[in-house]
Amino acid sequence: MVILDFTGMFAADSKAITASAVGTPRSQPGDSWKAIIEPIDPFLQSVSDCLTRQVTTFEPDLSPYAEYALNGHGKHLRPALVALTANAVGKEVDDSHITVAVIIEMVHLATLVHDDVMDEAEIRRGRLTLAANWGNEIAVLFGDCLFAQALKLAASFPTPEICRAVAMATNTVCSGEILQTQHRRDFQFTREKYFKILEMKTAELFALSCELGGCLSGITGDQRSALRQFGLAFGTAYQVHDDCIDLFGSEVSAGKSLGTDLAKGKLTLPILLVWERADANDRARLQELVQRWETSSIEQITELLFKYEALNASIEIVHQYLEQSRRILRGLPASTGRTGLLGLTEYLAHQTVALGDSA
């Protein structure tokens, strides 16, 4: 669940890149992320400031961990979704949107701390993980503290709706991680189960960001549901792309440890596609390589990934989810918020194309 390096181009509105046109980006890389967040930059700065202030809410002896976790120089994609969805329904953001964005970002950061422990990852966002710095025991317990602080903030709202939504989403995220762990090295694992887990462990916080961004702006009913569905579709595309990075990307550009999924026996979409397409001999070979994992196994697995064109097929699926998310957005009136959300889908499309070109 890594934050993307949003430094590429921004293609502004509705003529989306689809799976049939993924090989022909319309623009050259430029200042996409800057263009997307420019209208909400004051909001994101307020979120960063509020996260920094959260350091003082922990026990003084825990301050080094809190400062390290809460000031990790991420792009704050989920807070951006809160603001952009609010703007997309014609509302100005206020302090309640800032608080919700901080809550969701803290839940997200807690999941990253725990993920890095389980994956034995050493690098996150271009620096040592909290676990690599202070050990797994401290990391696990501090991740719990982040979850608890997020729920404490959620309970500060005058009605229980926000706290209930955050608690349910947190439960869903953690449940998704447990399900993924249960199915490590399990070749009975299906593509349907894979997407269910992705929706739970990653897309849920995207959906929560969009839903609460609209909810705090007074949106109910079908529009609120539509914003949630956008978050689920975009979040799923995001995680499939991230799973591809783990197999086909570079640690320099990703800013995190790669290859951890296979090392831990996680069967992500490219591996499942090989399994679906392979003949009996290659299936047996793949299963043996994953179940008896060694660092040298990656070369043979890479051969199978390219033999069965798993990356290209995964890229096509990313674009299908992105097109689904765009169809939802087209039901909203034109606004800077909608343009920003469309821009996010366009940029992820181009990042995905670039991954295929560089592999």
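**Salt bridges and a buried threonine in a predicted model**

Me: Glutamate 211 forms a salt bridge with which residue?

Reply: In this predicted model, the closest N and O atoms of the glutamate 211 pair are 3.3 Å apart. The pair links distant parts of the chain, with glutamate 211 in helix H9 and its partner in helix H10, 17 residues apart. The partner in this salt bridge is arginine 228.

Me: Is glutamate 211 buried or exposed?

Reply: Buried means under 20% relative accessible area. Glutamate 211 has a relative accessibility of 15%, so this residue counts as buried.

Me: Which parts of the chain does the salt bridge between glutamate 204 and arginine 228 tie together?

Reply: The closest N and O atoms of glutamate 204 and arginine 228 are 2.8 Å apart. Because glutamate 204 and arginine 228 are 24 residues apart in sequence, the parts tied together are helix H9 (residues 191-215) and helix H10 (residues 221-248).

Me: How exposed is glutamate 303, which forms a salt bridge with arginine 285?

Reply: The closest N and O atoms of arginine 285 and glutamate 303 are 3.0 Å apart. Arginine 285 lies in helix H14 (residues 280-291) and glutamate 303 in helix H15 (residues 297-307). Glutamate 303 is partly exposed, and its relative accessible area is 49%.

Me: With which side chain does the side chain of threonine 345 make a polar contact?

Reply: Threonine 345 lies in helix H17 (residues 336-358) and is buried, with a relative accessible area of 0%. Among the residues that threonine 345 touches are Phe230, Phe234 and Leu322. The polar contact, at 3.1 Å, is with the side chain of arginine 326.

Definitions and conventions: Residues are numbered from 1 along each chain as its sequence is written. This is a predicted model: local features need pLDDT of at least 70, side-chain atom pairs count only at pLDDT 80 or more; totals for chains, interfaces and linings use all residues. Side-chain values use heavy atoms; hydrogens and water are left out. Helices (H or I, at least four residues) and strands (E, at least two) are DSSP runs, numbered from the N terminus. Buried means under 20% relative accessible area, exposed over 50%, partly exposed in between (1.4 Å probe, protein chains only). A polar contact is a pair of N or O atoms within 3.5 Å; within protein, one must be able to donate a hydrogen and the other to accept it, and residues adjacent in sequence count only if both atoms are side-chain atoms. Contact means heavy atoms within 4.5 Å. A salt bridge is a side-chain nitrogen of Lys or Arg within 4 Å of a carboxyl oxygen of Asp or Glu. Lists of a residue's contacts leave out its neighbours within four places in sequence.
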